[in-house]
Each structure stands twice: as structure tokens, then as C-alpha cells.
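Please open the structure in your viewer and keep the selection panel at hand. The tour below moves from one selection to the next and says what can be found at each stop.

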Amino acid sequence: MVLGGDEPTGSLVRPYAVTRGRTRPQLEIALEALVETTARGRSGQFLGGREQKVIVDLCGGGRLQSLAEIAARMEVPLGVARVLVADMAADGLLAVHEPTGFGDDAADETVGTELLERVLSGLRRL
Amino acid sequence: MNQPADTSRVTSAKIVIAGGFGVGKTTLVGSVSEITPLTTEAIMTSASEGVDDNNLVPDKATTTVAMDFGRITIDQDLILYLFGTPGQTRFWFMWDELVRGAIGAIVLVDTRRLADCFSVIDFFEHRKLPYLVAVNCFDGERLHDLQDIRDALQVSPDVPLLYTDARNRESTKQTLIKLVEYVLSMRRTRTVGVG
Ligand SMILES: Nc1nc2c(ncn2[C@@H]2O[C@H](COP(=O)(O)OP(=O)(O)OP(=O)(O)O)[C@@H](O)[C@H]2O)c(=O)[nH]1
Ligand SMILES: [Mg+2]
């Protein structure tokens, strides 16, 4: 079990305070899930604090960021970033694009194969 | 603003880069990533299962596990992430999250410390995550016959095994391509078998 509510190491924010002691995210957001600021988030009217502003700016520049990137760039543990993002998504400030996934539990085999072919041709173009 | 017009198709994928301590995982990620590899940390609290949230206080015994990752924009709608596993393989809790939904894994090995990757290979086989074995040739030396390495690792003949140079972008690129080709070929075999 990954918990994020503990003492941070040299971080921008104090996670335990930021997440008000809650450490269970409402959604299971994947490490590589892409996060995008919504129009509501960009309007800046509904933001609840500095961390939300930072995330909205990070994910609002036309270059979507993964949950892992948000955690790394904010210098907060993964679990903390997950709670922040989940809350903001619930408030309509962010959209979360969950990955399709390739495991046995992947939704659709054909979609997965098509995606793999895109990855392959993309790598060949590098 | 300069958001892509339609982001509904946007998605991401990940490949796991695993191997023993100091085998060149971060170097490999950095050789193809479009960003300087970033590090993210997860904190594990011992005895965390079933603990009431309100009881979580910062003075519990905690362990921080760091993993680094890089990013490759495949096309406008598809981002590929490369996640390096934490060097210490005893923190398996983090690995569940790493492998969930992954395309597959590259197991980097150093022939001087072959045994370092045994537990990693066991883990991927148990989780049925496709992987290949890439021998990082430190100092450009290819001292061993690949077949000898395969025998020592006892990996099945289907598992691709190749030499790589983690510092070299082209070499890393070819290794990634090999992995995705392998995963695709496994899928085709499976489909034929079922159909
Ligand atoms: N000569 C040579 N040195 C390498 C090669 N790959 C990595 N190194 C060096 O080996 C050292 C360890 O490489 P890292 O990429 O940090 O290894 P790592 O697997 O990420 O290490 P941990 O995260 O600590 O487990 C660094 O000093 C690298 O510069 C290689 O192919 N040849
Ligand atoms: Mg490393």
C-alpha cells in the first residue's frame, strides 16, 4: 500500500497539511495517466490554494503531464500528487486521461494492438 | 489557449526498465528521453494496511522509494513513458504499480553481476509481463557468448536477449523497438492460438 500523507523531503508544500490528512485518493490514477487542465481550471476562479494553481499551470500549456511528472515537478510524493489531482478532477478543474493498458485486464485487445503498432512506428521514427 | 483542439484521443503507455543496482537503468532512460529524467518518490509506511486515516502520523517507520522516468512523445496523442525501477528490489510494493498496464519490460544485466537480475526476472514471469534481456556492455566489451548468458539466466528461448549500450541513444532505441516487436508477435501468436 502506497501512502502519501507522510513527511515530505524538501518539498514545495507540506503534503500532510495539503491533503488534510487524507491519504486515500478517490480514484486510482495511474502513474502515466495524462492530466489536462480544463477550461474551468484555466479560468482560475475555482482554485483552492497554491498547489492547485501550480498543477493547473503545469497541465494547461498544451503539453499534458502525467501524474508522475506532476509529483516529480512539485517535489511531492506520488501519493500526495494523486490525492491533489483526484480532488481537482472531482471539482472539474482537471481532466484525467487514463491509459488503455496492455495487461490481461486491458479493455480491448484490438485497441491495445493498434496502440502498440503506433508506439513501434513512433520509435522507428525517432 | 494553445490546447490541442481535441484531446479526447490522448493516451499514454509505459515501458519498465529494470535490473540490479547500478546496472545503467537511469542512463538508458536518459539516452532517449526528451526530458532530463525526473525522479518521483513514493513513501511506504509500515503496518499501513487497515490503518485508519486519522491515525496516520508522520513519525511512523517509513521508507522512501525513488524511481526515475523519462518521456518520449510518439505523436501528438500518444506519450510513452520509460520507468526505471528502484535499485533495491526488496521494495516490491512499488513494482505492482509500475508494471500495471505496462507494455513490457527491459531487464538490464551486467555480466559481472548476473545474479542481480534473477529476482527481477522471477517477478516479471510471475506477473506475466513480457520482457527482454539487454546485456549492458560496460566499456564496450562483449565478453560473453549470448547463449551462455541465456543458459545462466535460464530464460526461455523465446525471450529476446541482446547486447545494448545504455549510453547510446540509437542502441536504446533499437532495444525498445525489439521489445515492442516481441510484445506484438506474442499477441499475434495468442490470437492465432485462440482463433
Ligand atoms: N562504461 C559504461 N558505464 C555505464 C554504462 N551504463 C551506465 N554506466 C555508468 O554506470 C553507473 C551507473 O549507471 P546508472 O544509470 O546510474 O545505473 P542505475 O541502474 O540507474 O543505478 P541505480 O538506480 O542506482 O540502481 C553510472 O556512473 C553510469 O555512467 C555503460 O554502458 N558503459
Ligand atoms: Mg538509477
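Begin by selecting ligand 1 together with the 15 residues around it, among which Gly22(B), Lys25(B), Thr26(B), Thr27(B) and Asn136(B) come nearest; a residue belongs to these surroundings if one of its heavy atoms lies within 4 Å of the molecule. Before going further, note that this is a predicted model, in which local features need pLDDT of at least 70 and side-chain atom pairs count only at pLDDT 80 or more, while totals for chains, interfaces and linings use all residues. Residues are numbered from 1 along each chain as its sequence is written, chains are lettered from A and ligands numbered from 1 in the order in which they are written, and side-chain values use heavy atoms, with hydrogens and water left out.

**Stop one: the ligand**

Keep ligand 1 on display and look for its polar contacts, meaning pairs of N or O atoms within 3.5 Å, where within protein one atom must be able to donate a hydrogen and the other to accept it, and where residues adjacent in sequence count only if both atoms are side-chain atoms. A polar atom in the side chain of Thr26(B) is found 2.7 Å from an oxygen atom of ligand 1, and a polar side-chain atom of Asn136(B) is 2.9 Å from an oxygen atom of the ligand.

Next, colour the shell around ligand 1 by residue class, which gives five nonpolar, six polar and four charged residues. Here Ala, Val, Leu, Ile, Met, Phe, Trp, Tyr, Cys and Pro count as nonpolar, Asp, Glu, Lys and Arg as charged, and the others, Gly among them, as polar. Helix α1 (residues 25-32) of chain B gives the most to this shell, with three residues; helices (H or I, at least four residues) and strands (E, at least two) are DSSP runs, numbered from the N terminus.

**Stop two: salt bridges in chain B**

Stay with Arg167(B), which also forms a salt bridge with Asp165(B), the closest N and O atoms being 3.2 Å apart; the term stands for a side-chain nitrogen of Lys or Arg within 4 Å of a carboxyl oxygen of Asp or Glu. Arg167(B) counts as exposed, at 56% relative accessibility, where buried means under 20% relative accessible area, exposed over 50% and partly exposed in between (1.4 Å probe, protein chains only).

Now select Arg127(B) and Asp96(B), whose salt bridge has its closest N and O atoms 2.2 Å apart. Arg127(B) lies in helix α3 (residues 118-127) of chain B and Asp96(B) in helix α2 (residues 92-99) of chain B, so the pair ties together parts that are 31 residues apart in sequence.

**Stop three: between the chains**

Where do Arg188(B) and Glu117(A) meet, and in what kind of pair? Their side chains form a salt bridge with an N to O distance of 3.0 Å, and this pair joins two chains because Arg188(B) lies in helix α5 (residues 169-194) of chain B and Glu117(A) in helix α6 (residues 109-125) of chain A. Arg188(B) is partly exposed at 45% relative accessible area, and Glu117(A) is also partly exposed, at 36%.

Move on to Glu69(A) in helix α4 (residues 67-74) of chain A, a residue that counts as buried at 0% relative accessibility. Glu69(A) is linked with Arg63(A), Glu34(B) and Arg71(B) in a network of salt bridges, and its side chain has a polar contact of 2.4 Å with that of Tyr81(B).

**Last stop: whole chains**

Finally, show each chain as a cartoon. Chain A has six helices and three strands, and buried residues make up 53% of its 126 residues. Chain B has five helices and seven strands, and of its 195 residues 54% count as buried.
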